[in-house]
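Please work through the exercises below with the sequence and the coordinates open side by side. Each task sentence is followed by a solution that goes step by step.

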Amino acid sequence: MNSSIRIRASALEFPITPPIGFAMEGYASREGPSIGIHDDLYARVLAIEAGDRRQVIVVCDVLWITREFATRVREMIKGLTGLMDEEILLAATHTHSGPVLNESTQCWLDTVTRAIAGGVQSAFNSLEPVRVKFAAIDMPGIGKNRRKPTGSTDPGLSILAFGRADSDDPLAMLYNFTCHPVVLGPRNRLYTGDYPAYISQTLKKVYGSQLVTIFTSGAQGDINIGHTAEASAIGEFIPGRTFENAARIGRRIAGGVIQAIEDAQELPAPSIRSATREISFRYRDLPPLDVIKKEIDELKRRIEDLTKSSREDDPALREAKIELLYKEIEASQVEERSLVDGHERRSLLQGLRIGDIYIAAWPGEFFVELGLELKSYMAHMGSRLFIVGYANDYVGYVPTREAWGEGGYEAVACPFTEDAGDLVVRETKDLLDELREGSRGEAP
């Protein structure tokens, strides 16, 4: 065995599919609970150890990771393994075809929490020497800017592959791509991991069923396969939202992984470091709840009148439905804000370094332009960056200043002031700089 190998890892996956009949998360326009299972939902665990440092990455096939869920899982993992907070990264794939995460599914969530903590403990009990390789390839044409046809996208597909040290057998692949898993729309009522499920299925056919494939979402707040958020939210029919299309996209991305990994470069004796940083978002001003509710009632009456007197495709009717959507979002934000003290929302940023590969974990749906800015910053330092969204918490949409001023679904859904995106980029740069500076002088 190569004496330069100083990193050990282990990976495992297990289904977390809930009972049929649970309410599903992801679309306000979806009618009715789940009625079946198209493909199982999974939790996937990657445990890493290098010297005296450890790290675990857990990714679940759910819409998001709530702060409450993350806290419960993290505390149970710490109790079983002795890991520190910064050594635990929890993220969601952001499938829109999974269950709600609230009190109605608490029994299931409790089971999942225990399963994840036990899985992390098992992973650290079965560590083995590994080689780590990094690969990247562009996959243009899949992710599209859903706000502007000519807007920014991030076609980069990045892969960290963990292979057994004494053979060519792959152990796990951690890969990152920037495109909402929303091929399946609100009409779908079957549990599914969406297109990432097909990436996993395809890679397992090539490399063997023992491979653990871990999909992470990038800064994709304004990126999907091409439809507007408004059209999806009000339940308009959108062609292409089929399992066949999800399979096509998944196989195409899997092909990119296979192509890239064949030319991957092995990381020389990678060390690991991690850190977290608290961040405070300032809430934007909103009208009083009674004012918003009055506007909601007026819009509902207008929609009722238009429905009786016009065609379903009447632009005025569509405009009224979208305006109602916006007002209902604002009302929900005011109601949620009334349950907390203060004018700020605290959350968590996380940074991780594996050799010269960096991961920035963000707690929500951040616009692609913010991610591209940070990737460019790290590229100037000679480093590659994964941006993992929906990690450790969920704060909602965070657009750029420009998009915040332009309005639209994502800007309305952002509960914070227009500087939120700038704040995240600035704080993340500082966090990654700390990891880079801290790595200097480490023994190889």
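The model is a predicted one, in which local features need pLDDT of at least 70 and side-chain atom pairs count only at pLDDT 80 or more, whereas totals for chains, interfaces and linings use all residues. Residues are numbered from 1 along each chain as its sequence is written, and side-chain values use heavy atoms, with hydrogens and water left out.

**Exercise 1. Salt bridges**

Task: Determine how many salt bridges the whole structure holds, and describe the one between glutamate 406 and lysine 148.

Solution. Begin with the criterion, by which a salt bridge is a side-chain nitrogen of Lys or Arg within 4 Å of a carboxyl oxygen of Asp or Glu. A search of the whole structure then returns 29 salt bridges. For glutamate 406 and lysine 148, the closest N and O atoms are 3.0 Å apart. Glutamate 406 belongs to helix 9 (residues 401-406) and lysine 148 to the loop between strand 9 (144-145) and strand 10 (156-164), so this pair ties together parts that are 258 residues apart in sequence. Helices (H or I, at least four residues) and strands (E, at least two) are DSSP runs, numbered from the N terminus. Next comes accessibility, where buried means under 20% relative accessible area, exposed over 50%, and partly exposed in between (1.4 Å probe, protein chains only). Glutamate 406 is partly exposed at 40%, and lysine 148 is partly exposed at 32%. Both residues also belong to a network of salt bridges that links Arg146, Arg147, Lys148, Glu402, Glu406 and Glu410.

**Exercise 2. Two further charged pairs**

Task: Find the salt-bridge partners of aspartate 422 and lysine 78, and classify the residues by accessibility.

Solution. Aspartate 422 forms a salt bridge with arginine 401, with 2.4 Å between the closest N and O atoms. This pair links distant parts of the chain, since aspartate 422 is in helix 11 (residues 420-439) and arginine 401 is in helix 9, 21 residues apart. Aspartate 422 has a relative accessible area of 29% and is partly exposed, and arginine 401, at 40%, counts as partly exposed. Lysine 78 forms a salt bridge with aspartate 85, where the closest N and O atoms are 2.9 Å apart. Lysine 78 is partly exposed at 24% relative accessibility, and aspartate 85 is partly exposed at 36%.

**Exercise 3. Helix 3**

Solution. Helix 3 is mostly covered, with 10 of its 13 residues buried, among them Tyr195, Ile199, Leu203 and Tyr207. Helix 3 is followed by glycine 208, whose phi is positive, near 110°.

**Exercise 4. Aromatic rings**

Task: Work out how many aromatic pairs the structure holds, and classify the pair of tyrosine 283 and phenylalanine 416.

Solution. Rings of Phe, Tyr and Trp (its six-membered ring) pair if their centres lie within 6.5 Å, and planes under 30 degrees apart count as stacked, over 60 as edge-to-face and the rest as tilted. The structure holds eight aromatic pairs. In the pair of tyrosine 283 and phenylalanine 416 the ring centres are 5.8 Å apart and the planes stand at 25°, so the pair is stacked. These two residues are 133 residues apart. Tyrosine 283 is buried at 15% relative accessibility, and phenylalanine 416 is buried at 1%. Elsewhere, ring pairs link Tyr175, Tyr195 and Phe215 into a cluster.

**Exercise 5. Side chains that reach the backbone**

Task: Identify the backbone nitrogens reached by the side chains of threonine 81 and aspartate 314.

Solution. Threonine 81 lies in helix 1 (residues 67-81), and its side chain reaches the backbone nitrogen of leucine 83 at 3.2 Å. Threonine 81 counts as buried, at 15% relative accessibility. Aspartate 314 is found in the loop between helix 6 (289-309) and helix 7 (315-337), and its side chain reaches the backbone nitrogen of alanine 316 at 3.1 Å.

How values were computed:
Polar contact = N/O pair within 3.5 Å; in protein donor to acceptor, adjacent residues only side chain to side chain.
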